[in-house]
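Please keep the sequence and the structure at hand while reading.

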Amino acid sequence: MENEIVAAAGDKFAGDPADPCTMVIFGASGDLTKRKLIPALYNLAKDNLLAREFALVGFARPEMTTEQFRDLCTEEIKQFATGRVDPDIWHWFVRRLYYVSGDFTDAAAFQRLKTTLGEADKEHGTRGNYFYYLATAPAFFATCINQLGDAGLVHEDNGLWRRIVIEKPFGRDYDSACALNVEIRKVLQERQIYRIDHYLGKETVQNILAFRFSNGIFEPVWNRNYIDHIQITAAETVGVEKRGGYYDTAGTLRDMLPNHLFQLVCLTAMEPPVSFDANVVRDEQAKILKALQPFSDRDVLTRTVRGQYGPSHGVSGYRQEPMVAPASRTETYAALKLYIDNWRWADVPFYVRTGKRMTNRVTEIVVQFKRAPFVLFRKTAVEKLEPNRLVLHLQPDEGISLTFGAKIPGPVVRLGGVDMAFNYADYFNVAPQTGYERLMYDCMLGDATLFQRSDMVEAAWHVVAPILNVWGALDPREFPNYPAGSWGPADADDLLTKDGRHWYNGPPLRAAAV
């Protein structure tokens, strides 16, 4: 019966089931597990991408039996599943769940984990292949890895594999990231380490390489000769919610730039790899990070902007959020003007911004092309030519749009803007996803293409380091400096207007028709 369920569940995707394995989630009682990881694993089971020989062990502090953990997951999936839950598939899945209660610093708990893994191997035929997901506070990353090493749970032999997925943030600055890399490489090989960035699980992010390198109409113009500038925006309408304690020690720059946004810069700017081999792709991404023009102290003052949202229309300001210091200097907004010192992108600015409590929830990459010469239209009603704009929409509606000029019908030569838009929900009959499905599936397959390597992490922090140093040394002026619900501080607008440009604040793609 079980084999029939798994075999019948995967009509939507062409792909082989992952290797037999057991997944261990450290921090299994947390929000990430119930909101993203369990729903993503269920989706993989539904799409026949989980091995029939699969099991999952939750590891967390709360006292709980395996049966209680199964019951809890059964209740939570009703709330957080991305679609209807098939009771037969869930029954197959939930019978593979186990639970170990313990502290991350307790060696005895890891021995209990080892025993449970052996039981799962025997019961489900998972063959001793394990991957561990560290859904914990960053302070426990090295602790968990060292405990796994001491328990003999990361050693690979006789063809079995052991991998570890590490959530962000990986370090809080350049020195701590380097130190963490050194610490965990005492226990693990680099090929065993999967530093996850859930942004890279989004379809449009994955589609950037396919879009760039499979279309002959775009690749020839993807360079400084034709592109005026590129904007990358990751805006959120929410505040820090219940994360004030963490956020007030981190801030937007640490939280978003070295991982999410720099990864988008890499995918947008990288050279074509010779293959989709993981290290070949990541070699090209690393080249972009290493080519990012370093910031001098003066550059930080002229090419970066920080902001903090204040109260507006009944919405609390950042300093009024729970667990935030009443005179906090932490930024909730950051904007940078980046340059990439290579032949393709010389002198093309990359404007990057991200913030909390902004006007719209939107993540997008805007490629603005250079204007065409105006000479042909001097004796017409056309006053100026608008630049062509390509927008890669990442969220909330995933898709791609292109704006270009066309003649307005009539006897007078006038131009109007025309939009061509592609929305994933309209063109492909795919079920909603969490964004973690592809990443966990790739980890089970041993494909590290969408995961960061140690040199990439260190290169990203190296770019951010001087900004952190200057911002840490100088008190921010006029915090809070943008009202909740706006597009950010005025200084961020000036970052572009002094270059004769402006931020693109266009609407997101329309919602798909139901």
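## The second largest cavity

In this predicted model, the lining of the second largest cavity is made up, by class, of four nonpolar, three polar and two charged residues. The residues in question are Ala28, Ser29, Gly30, Thr33, Lys34, Phe69, Leu72, Cys73 and Glu76, and the space that lies in this cavity comes to about 40 Å³.

Two elements, α2 (31–46) and α3 (66–80), each give two or more residues to the lining of the second largest cavity. Helix α3 provides the largest share of that lining, with four residues.

## The largest cavity

Rolling a probe the size of a water molecule over the atoms shows where empty space is left. A search of the whole structure finds two cavities of 30 Å³ or more, and in the largest of them lies about 120 Å³ of space. This largest cavity has a lining of 13 residues, among which Lys168, Phe170, Asn259, Gln452 and Val457 lie nearest its centre.

The elements α9 (244–269) and α14 (454–473) are those that give two or more residues to the lining of the largest cavity, and α14 gives the most, with three residues. Sorted by class, the lining of the largest cavity holds eight nonpolar, two polar and three charged residues.

Is Thr22 buried or exposed? Thr22, which lies in strand β1 (residues 21–26), has a relative accessible area of 0%, and because buried means under 20%, Thr22 counts as buried.

Leaving aside residues up to four places away in sequence, Thr22 touches Ala55, Leu56, Val57, Leu117, Ala120, Asp121, Thr126, Asn129, Tyr130 and Phe131.

## Salt bridges across the chain

Side chains of opposite charge can pair when their charged atoms come close. A search of the whole structure finds 25 salt bridges, and one of them joins the side chains of Asp103 and Arg61 (3.3 Å, N to O). This pair links distant parts of the chain, with Asp103 in the loop between β3 (97–101) and α5 (107–124) and Arg61 in the loop between β2 (54–60) and α3, 42 residues apart. Asp103 is partly exposed, with a relative accessible area of 28%, and Arg61 is likewise partly exposed, with a value of 45%.

Within helix α10 (residues 278–291), Lys287 and Glu284 lie three residues apart, which is about one turn of the helix, and their side chains meet in a salt bridge (3.3 Å, N to O). Glu284 is buried, with a relative accessible area of 13%.

Another salt bridge brings together the side chains of Asp455 and Lys290 (3.7 Å, N to O). Here too distant parts of the chain are linked, for Asp455 is in helix α14 and Lys290 is in helix α10, 165 residues apart. Asp455 counts as partly exposed, at 23% relative accessibility, whereas Lys290 counts as exposed, at 57%. Through salt bridges that share partners, Asp283, Lys290, Arg453 and Asp455 are joined into one network.

How values were computed: Residues are numbered from 1 along each chain as its sequence is written. This is a predicted model: local features need pLDDT of at least 70, side-chain atom pairs count only at pLDDT 80 or more; totals for chains, interfaces and linings use all residues. Side-chain values use heavy atoms; hydrogens and water are left out. On a 1 Å grid over the protein atoms alone, a cavity is a set of points where a 1.4 Å probe fits but cannot get out, and a pocket is an open set with protein on both sides within 12 Å along at least five of seven lines; lining residues have an atom within 4 Å of a point. Grid points are joined across faces, edges and corners, and a volume is the space filled by probe spheres set on the points. Ala, Val, Leu, Ile, Met, Phe, Trp, Tyr, Cys and Pro count as nonpolar, Asp, Glu, Lys and Arg as charged, and the others, Gly among them, as polar. Buried means under 20% relative accessible area, exposed over 50%, partly exposed in between (1.4 Å probe, protein chains only). Contact means heavy atoms within 4.5 Å. A salt bridge is a side-chain nitrogen of Lys or Arg within 4 Å of a carboxyl oxygen of Asp or Glu.
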